[in-house]
Amino acid sequence: MHDIAFLVYAPDRQRRKNNSFDGNDNVGAYVIIEVLERAGHKVAFCGPATAHRYRVVLVSFTSTYDLYAFYRAVALRPDWQPDRRPFVVVGGGFGLQNPTVVRHYVDYAVFGRGEDIVADLVGQVVGGGQFTHESVMRLPEIYSVKVAQARQLYHGPRFKEAFIGCPNKCKFCHYTWARRSMGNGGQYVQDTLTHGNSPEILFKQIGSISRKYGRIRTAIDGFSERLRVLYGKKITNQEIVDGFNHIGAFAGNTVVICYNIGNMPTETESDRAELYDLFKRIKPRHRVIVVLHTTPFRPSLLTPLQFAPVQLDPSASALRFKEIVSTGTFMAKHSMSNEGPFSHLQCVVAERATPATDRLFHTICFSKKLRSQNSNGQVRLLEAHFDLSPYLRRYDPTEVHAPGWFLESYVPTRMIRKAFLWTEKDPAGRRGRVAKVKGL
Ligand code: SF4
């Protein structure tokens, strides 16, 4: 019999088959399985109803929405209640930045890279012991932990890493502030998840493309030059024009999925108008179709902007699939799957959760009345019954329980706080400075 199983739980979003594995190439979970197998453990898969057959159940949280999916899958089951659970639950992954909302259903939360931790943890727990580590939280208590960093690039039998993290320091990006950059990060070209079919290329590197791609992914992350400079992306308007014209220099159609962040702190209508006007100046030789996929700004934990205020945008859903500009060989339109205000709210509720969030979180997961509304209606209904200000307001970085108070990264906390205050002092982004921290 196996002692250990990975939990496969139902998806929160229709397009995925399940949240942990098949639907989204869960490389992180398979790396953990490899590590455990090399340490002599056998790892099976289980569902919420078969978890009781194992001593240790591993749960992968790939995004914040997985917290909702997991909670829906287990919170009403008698065999998953803390006082009756015959197995130990170990959770980790990028979606588990704040485990507060699932603290009664996960026993150990692992923060950061788990490959040097998990074999010891599981070995200890399978033997009936307890485990302590600076990067592991023993729930339900919430206390300070240090996000674990990789000691080296992972090279296992199935997966080999070329780089970790990103040398840039965009002030909204959890990835770069939570993972120390290692390996070939200067050339951020990620294509393993799409098997090379749709490479993801830093916008700044688009000029170095020397062949035709049918489809590429890139990011501008800000409607105006001011926002991009202020929050770290530092892409000028001219670079956007030149970049898209360069892609269009190769014969045939090119589709560009262009990730963007909207509703940034201090963003106004004129910031948006700046990008739409800029698109009119792009005239590639061959056809380029840009799908602008705008995700609303969220104050991700451990980033300088974790303290920033959040604005829900009631018009976000209405923009879906709308054409922005169509001039000759260039067309830009909004993505079909731009996120609505309720999804946005769910994300900030889970990331800024405190124990006082429990009733709101449970309501979002299980209220039938809520499910019958559209995205704007869901937000209005919640506003009528709950105080949403803790999830949306600006925080002073020195507040005792400011968001992310329990997380410590490889970047000193005081530098993260300082970087936030700089953005507030210089909303025009004149200095365009990013945190220059020794050792980053
Ligand atoms: S958002 Fe910025 S810091 Fe994050 S991965 Fe992209 S370029 Fe790097």
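Let me begin with conventions. Residues are numbered from 1 along each chain as its sequence is written. Because the model is predicted, local features need pLDDT of at least 70 and side-chain atom pairs count only at pLDDT 80 or more, while totals for chains, interfaces and linings use all residues.

pLDDT is the predictor's confidence in each residue, from 0 to 100. The average for this protein is 89, and 90% of the residues score at least 70. Residues 14-18, however, stay under 50, and the model has eleven contacts for them beyond four places in sequence. Residues 433-440 are also below 50, with eleven contacts in the model beyond near neighbours in sequence. Here, two residues are in contact if their C-beta atoms, placed from the backbone, lie within 7 Å. Where pLDDT is low, the predicted coordinates should not be read in detail.

I turn to the domains. Domain 1 covers residues 4-146 and domain 2 covers 166-392; such bounds come from an automatic or database domain assignment. Their C-alpha centres are 29 Å apart. At the interface, twelve residues of domain 1 contact 15 residues of domain 2. The domain 1 side comprises five nonpolar, five polar and two charged residues. In this scheme Ala, Val, Leu, Ile, Met, Phe, Trp, Tyr, Cys and Pro count as nonpolar, Asp, Glu, Lys and Arg as charged, and the others, Gly among them, as polar.

Which residues are around the ligand? They are Cys166, Asn168, Lys169, Cys170, Cys173, Tyr175, Thr176, Leu202 and Asp221, where near means a C-beta atom, placed from the backbone, within 6 Å of the molecule. Five of this shell are nonpolar, two polar and two charged.

Next comes the sheet. Strands (E, at least two residues) and helices (H or I, at least four) are DSSP runs, numbered from the N terminus. Six strands form an open, mixed sheet in the order β2-β1-β3-β4-β5-β6; two strands pair if DSSP finds at least two bridges between them. Its edge strands, β2 (43-46) and β6 (136-138), each pair on one side only. Strand β5 (residues 108-110) runs antiparallel to β6, joined by three bridges, and alanine 109 stands opposite methionine 137 in β6.

Finally, the backbone. Most residues other than glycine have a negative phi, and most peptide bonds are trans. Leucine 139 and proline 140 are joined by a cis peptide bond, with omega about 15 degrees. Proline 140 lies in the loop between β6 and β7 (145-146). Threonine 266 has a positive phi, near 70 degrees, and sits in the loop between β13 (254-262) and α7 (269-279).
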